Amino acid sequence: MTIIESERIILRDLVDQDIEIFYNYRSDDDLLKYQDFSVRSLEETQTFIQEQKTISIGQSNQWKQIGIALKDNQLIGDCAIQFTPEEIRIAEIGCTISREFHSKGYATEALRLLTKHTFKNYPIHKFKALVDIRNLPSQKMLLKVGFEKEAHFKKHYWDEKDKDWVDELQYGLLGQKIKD
Ligand SMILES: CC(C)(COP(=O)(O)OP(=O)(O)OC[C@H]1O[C@@H](n2cnc3c(N)ncnc32)[C@H](O)[C@@H]1OP(=O)(O)O)[C@@H](O)C(=O)NCCC(=O)NCCS
């Protein structure tokens, strides 16, 4: 189901036809080095997409993974949104784009669409995003969408791959800012 679209991209539910592409970029260790969600096989991907079909935006305690597709419906990445369990008027967001489509503005465009759509249709007050301090593309993307850096947590999470504590930044986007 299409959630929202712009001239270049469609945000839509993940479907069975996406399994191979989703698996390819979601098992790319280099691409996902600052993230903790990956899939390890086509079977796991299939199960994940099946589960996602039953989840909708705003469902409590659940991350909704939304496909980002070109206008010909080809999947190029995904964004994820969760209304935080501790405060459902604050939503957390993330985004991943397959390597071959980087630096074309697709992530920025997808997050702009999704944040506007969510502010308009749900009682959301604020978005937040947590970013590994080494993840410069993600920080640039969030600033371009309109997020502001709000916090710097020192040695805040354990990077299992690097076996070290890493600094984490928190970015925020207020609904008020979008309406202004
Ligand atoms: C972060 C990410 C989604 C950005 O996707 P994208 O479609 O390439 O982003 P955009 O094209 O919208 O570009 C946003 C900004 O990031 C910059 N950027 C993109 N890739 C970059 C890179 N490898 N190095 C430095 N800057 C980069 C772009 O230049 C742009 O800034 P500019 O317009 O000032 O030049 C993508 O790099 C990615 O999938 N990373 C892996 C997953 C991840 O870590 N996600 C973040 C967790 S939420």
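Asp18 lies in the loop that runs between β2 (9-13) and α1 (19-26), where helices (H or I, at least four residues) and strands (E, at least two) are DSSP runs numbered from the N terminus. The structure is a predicted model, in which local features need pLDDT of at least 70 and side-chain atom pairs count only at pLDDT 80 or more, while totals for chains, interfaces and linings use all residues. Residues are numbered from 1 along each chain as its sequence is written, and side-chain values use heavy atoms, with hydrogens and water left out.

With a relative accessible area of 3%, Asp18 is buried; the term buried denotes under 20% relative accessible area, exposed over 50%, and partly exposed the range in between (1.4 Å probe, protein chains only). The C-alpha atoms of Asp18 and Arg99 are 16 Å apart in space, and the two residues are 81 residues apart in sequence.

The surroundings of the ligand were examined next. The ligand is surrounded by 19 residues, of which the closest are Ile97, Ser103, Gly105, Thr108 and Lys144; a residue is counted as near a molecule if one of its heavy atoms lies within 4 Å of it. At least two residues of this shell are supplied by each of β5 (90-97), α3 (106-121) and α4 (136-145), and the largest share, five residues, comes from α4. In composition, the shell divides into seven nonpolar, nine polar and three charged residues, given that Ala, Val, Leu, Ile, Met, Phe, Trp, Tyr, Cys and Pro count as nonpolar, Asp, Glu, Lys and Arg as charged, and the others, Gly among them, as polar.

The largest pocket is the space taken by the ligand. On a 1 Å grid over the protein atoms alone, a pocket is an open set of points where a 1.4 Å probe fits, with protein on both sides within 12 Å along at least five of seven lines, and a molecule sits in a pocket if more than half of its atoms lie within 2 Å of its grid points.

Thr96 is placed in strand β5 and counts as buried, at 5% relative accessibility. The side chain of Thr96 makes a polar contact of 2.9 Å with the side chain of Arg26, and a further polar contact, also of 2.9 Å, joins the side chains of Thr96 and Gln35. A polar contact is a pair of N or O atoms within 3.5 Å; within protein, one must be able to donate a hydrogen and the other to accept it, and residues adjacent in sequence count only if both atoms are side-chain atoms.

Two other buried strand residues were considered. Ala129, in strand β6 (residues 126-132), is buried at 3% relative accessibility, and its C-alpha atom is separated by 8.8 Å from that of Leu173, 44 residues apart along the chain. Gln65, in strand β3, is buried at 6% relative accessibility; Gln65 and Ile88 are 23 residues apart in sequence and 17 Å apart in space, C-alpha to C-alpha.

Backbone geometry was also inspected. Most residues other than glycine have a negative phi. Asn73, although not a glycine, has a positive phi of about 80°; Asn73 is found in the loop between β3 (64-70) and β4 (75-83) and counts as partly exposed, at 41% relative accessibility. Lys71 is found in the loop between β3 and β4 and counts as partly exposed at 41% relative accessibility, and the C-alpha atoms of Lys71 and Gln50, 21 residues apart along the chain, are separated by 23 Å. A positive phi, near 40°, is likewise found in Lys155, which belongs to strand β7 (residues 148-159) and counts as exposed at 54% relative accessibility.

Technical notes:
On a 1 Å grid over the protein atoms alone, a cavity is a set of points where a 1.4 Å probe fits but cannot get out, and a pocket is an open set with protein on both sides within 12 Å along at least five of seven lines; lining residues have an atom within 4 Å of a point.
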